[in-house]
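I opened this entry to keep track of what I looked up, one item at a time.

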Amino acid sequence: MTGQVWAMLLALSVLWGGSFFFVEIAVAAMPVLVLVWLRVALAAAALLVFLRLTGRAFPRDPAILLAFLGMGMLNNVIPFSLIAWGQTEISSGLASIINAMMPVSTVLLAHVLTEDEKLTPAKALGVALGFLGVAVLIGWDALGGIGAAVLGQLAVLVATVSYGCAGIFGRRFRQMGVDPVTTAAGQVMASTLLLALPMLVIGQPWAMAMPGGGVWLSTVALALFSTAFAYVLFFRILAAGGAGIVSLVTLLVPVSAVILGAVFLGERLETRHLAGMALIGTGLLCLDGRLVRHIVRLRARHGA
């Protein structure tokens, strides 16, 4: 991976790390589907304005529009709804650990469904170390509820599989000649349309109490930063590195959350945090190939 891809992954991890916080605030005051619809609708509006300001034409090709619908379903409608509902049943810490299964789903699916992203021993080791690092970082206490609220856990797990499918499905937009900003706009526009009727029928926004200012601020931040801008980065990484690489962001999200808490909230960095970060870092190096290449070089020098 290039330095630019690493930088985009880190930025995306910060944006998506904040999404768990924003969801936890907003979902306590509004129905899940209303929150999810507002998230994608506000993101779509912001991206459409950006497309207009930058002179980009929105695609009219039916094949591209149909692909937007598929991407919106796999990357937004299914996982957003499942994770938001799952967080009403389980803690955000446990949701984060389960969400870290996304690279596992992605590398396995990519191995079966693609020709250029096959599973290797280094990838398998890297994903395993990364997932273990997330569990250590967040803390084993978060696993205390693993035996309860099984449906909530299953919802988040299915969301990770949907994300994995989305990463593979989204590779086609580069082949279609659609740039990342337009792809992000098309995806959230499609999600807005797909969710409109379920949101009205199930969410019944007219029946909910008017949320406070903090809830609205969280919802807007969720839409603009953790959705609109985040998905522009997502599709840039996907185009540059593939589905397996973009899935690694879920391993970095907990790291970003811990570091941000230490810097801005004065939270204490504990030994488990450092140990978890070390495991995640080692896993990412395995996936990147640098650690393996370094070991091979050392062995070659020693043999020489």
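Which residues in α3 meet which residues in α9? I noted first that the model is predicted. From α3, I listed F68, L69, M71, G72, M73, N75, N76, V77 and S81. Their partners in α9 are T182, T183, G186, Q187, V188, A190, S191, L194 and L195. I sorted the residues of this contact by type and got nine nonpolar, nine polar and no charged.

Next I looked up the geometry of the pair. Helix α3 covers residues 62-86, and its axis lies 8 Å from that of α9, at an angle of about 65 degrees. I recorded the crossing of α3 and α9 as right-handed.

T183 sits in helix α9, which runs over residues 180-203. Is T183 buried or exposed? T183 counts as buried, because its relative accessibility is 1% and the cut-off for buried is under 20%. Leaving out residues up to four places away in sequence, I found T183 touching F68, F173, V178 and F235. F68 is also one of the α3 residues in the helix contact.

Last, I turned to the second largest pocket, with a volume of about 380 Å³. It is lined by 24 residues, and E117, R171, L238, G241 and G242 are the closest to its centre. The elements that give two or more residues to this lining are α5 (102-113), α8 (172-175), α9, α10 (213-241) and α11 (243-247). I noted α10 as the source of the largest share, five residues. By type, I have the lining down as twelve nonpolar, six polar and six charged residues.

Definitions and conventions. Residues numbered from 1 in each chain as written. Predicted model: local features only at pLDDT ≥ 70, side-chain atom pairs only at ≥ 80, totals over all residues. Heavy atoms only, no water. Helix = DSSP H or I, 4+ residues; strand = E, 2+ residues; numbered from the N terminus. Buried < 20%, exposed > 50% of the residue type's maximum accessible area, 1.4 Å probe, protein only. Contact = heavy atoms within 4.5 Å. 1 Å grid on protein atoms, 1.4 Å probe; cavity = no way out; pocket = protein on both sides within 12 Å on 5 of 7 lines; lining within 4 Å. Points joined across faces, edges and corners; volume = space filled by probe spheres on them. Nonpolar A, V, L, I, M, F, W, Y, C, P; charged D, E, K, R; others polar. Axes fitted to C-alpha atoms, helices over the stretch in contact; angles between N-to-C directions. Left-handed = near helix turned anticlockwise from the far one by under 90°.
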